[in-house]
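Please open the structure in your viewer and keep the selection tool at hand.

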Amino acid sequence: MPLPKNDLARPETADAGRKRIEWADRDMPVLRIIRERFAKEKPLKGLRMGACMHVTTETANLMRTLQAGGAEVALCASNPLSTQDDAAAALVRHYGISVFARRAEDTATFYRHLNQVLDTRPSITYDDGADLVSTIHRDRADLLPGLIASLEETTTGVIRLRAMAKDGALKIPVIAVNDADTKHLFDNRYGTGQSTLDGIVRATNGLMAGRNVVVAGYGWCGRGFATRARGLGANVIVTEVDPVKAIEALMDGFRVMPMAKAAREGDVFCTVTGDIHVLRAEHFKVMKDGAIVCNSGHFDVEIDLVALKRMSRTVKADVRPLVDGYTLRNGRTIFVLGQGRLVNLSCAEGHPASVMDMSFSIQALAAEWAATRRSRLEVKVHAVPAELDRQVATLKLRSMGVTIDRLTAEQRKYLASWEMGT
């Protein structure tokens with residue numbers, strides 16, 4: 001029996017999806033340059049790419065680029081609420097790419113889709129949280145001999161993969177795309193910062209000015225969101241477990257305190273840690289009536305929704321679209337956005353295309369880099385080569401009409417020497 005090629009929720013929206021993909025492509029000039037070169041050189045010819053990522057218009061343009069490079073591509077969703085059904089439909093109808101993704105799919109469907117991508121027996125995998133890699137290692141070990149490498153897009157996924165490597169469980173080379181400078185310094189900070197705020201405002205239509213906004217975690221994503229919330233007039237509180245990041249937040253002008261204290265003061269809470277149960281029962285008990293809670297740290301486990309439901313006398317779904325009201329036994333109501341999943345993708349459209357241009361350009365070049373090495377890659381978590389970062393940054397600056405200085409011969413010699421002192 002032939003394998004199914006697609007599973008879509010709204011195939012009739014393909015034309016609308018194509019328009020949005022083309023709109024995003026206008027703001028992705030670096031990826032477009034790479035796609036044009038790939039179409040000529042075919043560096044991925046004969047390879048199968050299996051991707052578990054957010055199915056958005058920006059991701060669609062990455063899939064198009066991989067296909068232009070000669071690869072056979074299959075895509076499934078990395079998050080049940082991040083899929084844009086029209087983009088998925090357009091990829092199938094207009095670009096001939098296999099897609100297994102439906103917005104709001106249940107857990108069983110999510111894993112069925114993930115395995116349908118793995119059924120294509122990919123040569124290289126793309127992950128947005130290490131679900132493909134963990135499933136391969138746990139349930140599909142037969143695929144390991146045919147895998148060149150896996151590319152990981154998220155902080156959460158890189159943490160999981162490094163844990164696998166430390167335990168000796170990792171069996172394939174992995175490239176930590178998230179750690180590339182042109183990814184985490186821009187995508188995580190400016191992309192997550194803006195899109196998280198966008199998701200909260202779209203979901204609630206609430207004014208940020210004058211509100212106490214609690215940001216759990218001050219990594220690149222947390223500092224991006226904190227800065228943009230302050231820009232709209234919010235009073236920002238940061239909670240942290242890392243003393244260095246806590247000092248940084250303090251010196252950046254934010255209030256810093258434990259969540260136990262912040263829970264009493266906050267009006268809006270957003271978790272961006274990549275950890276589990278950052279907001280839990282003892283915090284819910286003391287929150288204000290009408291407190292808004294959301295997550296922008298990948299998985300939906302950052303907020304202990306099981307405990308919140310157990311503490312509630314009533315739960316009212318969709319008070320507004322993607323806003324659920326949990327009324328506690330003390331009479332206070334806490335509003336959860338996007339079912340605790342990524343608020344920027346469940347309640348908005350995710351990162352702007354112009355910042356994803358760099359992230360997905362790095363993804364495309366990293367795939368080419370891995371493909372040219374194949375059996376020479378050591379089984380470990382690899383950093384993205386610095387020359388790829390410089391290439392993407394140079395192309396991005398050029399597309400923006402920005403030029404920078406170059407070192408003179410004298411300066412290069414000075415920096416490479418040690419003889420000259422004070």
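Predicted model: local features only at pLDDT ≥ 70, side-chain atom pairs only at ≥ 80, totals over all residues.

**Stop 1: helix 7**

Select residues 155–166, which form helix 7. The helix has 12 residues, and the distance from its first C-alpha to its last is 16 Å, close to the 16 Å expected at 1.5 Å a residue.

Next, colour Thr 156, Gly 157, Val 158, Leu 161 and Met 164, the buried residues of helix 7. What do these buried residues pack against? Their partners are helix 6 (131–139), strand 6 (149–152), strand 7 (174–176) and strand 16 (381–382). Just after helix 7, select Gly 168, where phi is positive at about 75 degrees.

Return to the helix and select Arg 162 together with Asp 179. These two residues form a salt bridge, and their closest N and O atoms are 3.0 Å apart. The pair links distant parts of the chain, since Arg 162 is in helix 7 and Asp 179 is in the loop between strand 7 and helix 8, 17 residues apart. Arg 162 counts as partly exposed at 42% relative accessibility, and Asp 179 counts as partly exposed at 32%.

**Stop 2: helix 9**

Now select residues 220–231, which make up helix 9. Its 12 residues should span 16 Å at 1.5 Å a residue, and the end C-alpha atoms are 17 Å apart, which agrees.

Colour the buried residues of helix 9: Cys 221, Gly 222, Arg 223, Gly 224, Phe 225, Ala 226 and Ala 229. They pack against helix 8 (181–204), strand 8 (212–216), strand 9 (235–239), helix 10 and strand 11 (268–271). Just after helix 9, Gly 233 takes a positive phi of about 95 degrees.

Arg 223 belongs to helix 9 and Glu 248 to helix 10, so the pair links distant parts of the chain, 25 residues apart.

**Stop 3: the cysteines**

How many disulfides does the structure hold? The number is 0. Cys 221 is in no disulfide, and the nearest cysteine sulfur, that of Cys 270, is 9.6 Å away. For Cys 270, the closest cysteine sulfur is in Cys 294, at 3.8 Å, which is too far for a bond. The cut-off for a disulfide is a pair of cysteine sulfur atoms within 2.5 Å. Cys 221 counts as buried at 18% relative accessibility, and Cys 270 is buried as well, with a relative accessible area of 1%.

**Stop 4: a nonpolar patch**

Show the surface and select Ile 247, Leu 250, Met 251 and Val 256. Together they form a nonpolar patch with about 410 Å² of accessible area. Helix 10 (residues 243–251) supplies the largest share of this patch, 3 residues. Ile 247 lies in helix 10 and counts as partly exposed at 47% relative accessibility.

**Stop 5: another salt bridge**

The whole structure contains 27 salt bridges. For one of them, select Arg 93 and Asp 15, whose closest N and O atoms are 3.8 Å apart. Arg 93 lies in helix 4 (residues 85–95) and Asp 15 in helix 1 (residues 14–26), so the pair ties together parts that are 78 residues apart in sequence. Arg 93 is partly exposed, with a relative accessible area of 48%, and Asp 15 counts as partly exposed at 43%.

**Stop 6: two loop residues with positive phi**

Finally, select Asn 205 in the loop between helix 8 and strand 8. Its phi is near 55 degrees, a positive value in a residue other than glycine. Asn 205 is exposed, with a relative accessible area of 63%.

Then move to Gln 339, in the loop between strand 15 (333–337) and helix 14 (343–346). Gln 339 has a positive phi of about 55 degrees although it is not a glycine. This residue is partly exposed, with a relative accessible area of 41%.

Key
Residues numbered from 1 in each chain as written. Heavy atoms only, no water. Helix = DSSP H or I, 4+ residues; strand = E, 2+ residues; numbered from the N terminus. Expected span 1.5 Å × (residues − 1). Buried < 20%, exposed > 50% of the residue type's maximum accessible area, 1.4 Å probe, protein only. Contact = heavy atoms within 4.5 Å. Patch = residues over 30% accessible without salt bridge, like charges linked within 9 Å, V, L, I, M, F, W, Y side chains within 5 Å. Areas by Shrake-Rupley, 256 points an atom, 1.4 Å probe, with all protein chains shown as cover. Salt bridge = Lys/Arg side-chain N within 4 Å of Asp/Glu carboxyl O.
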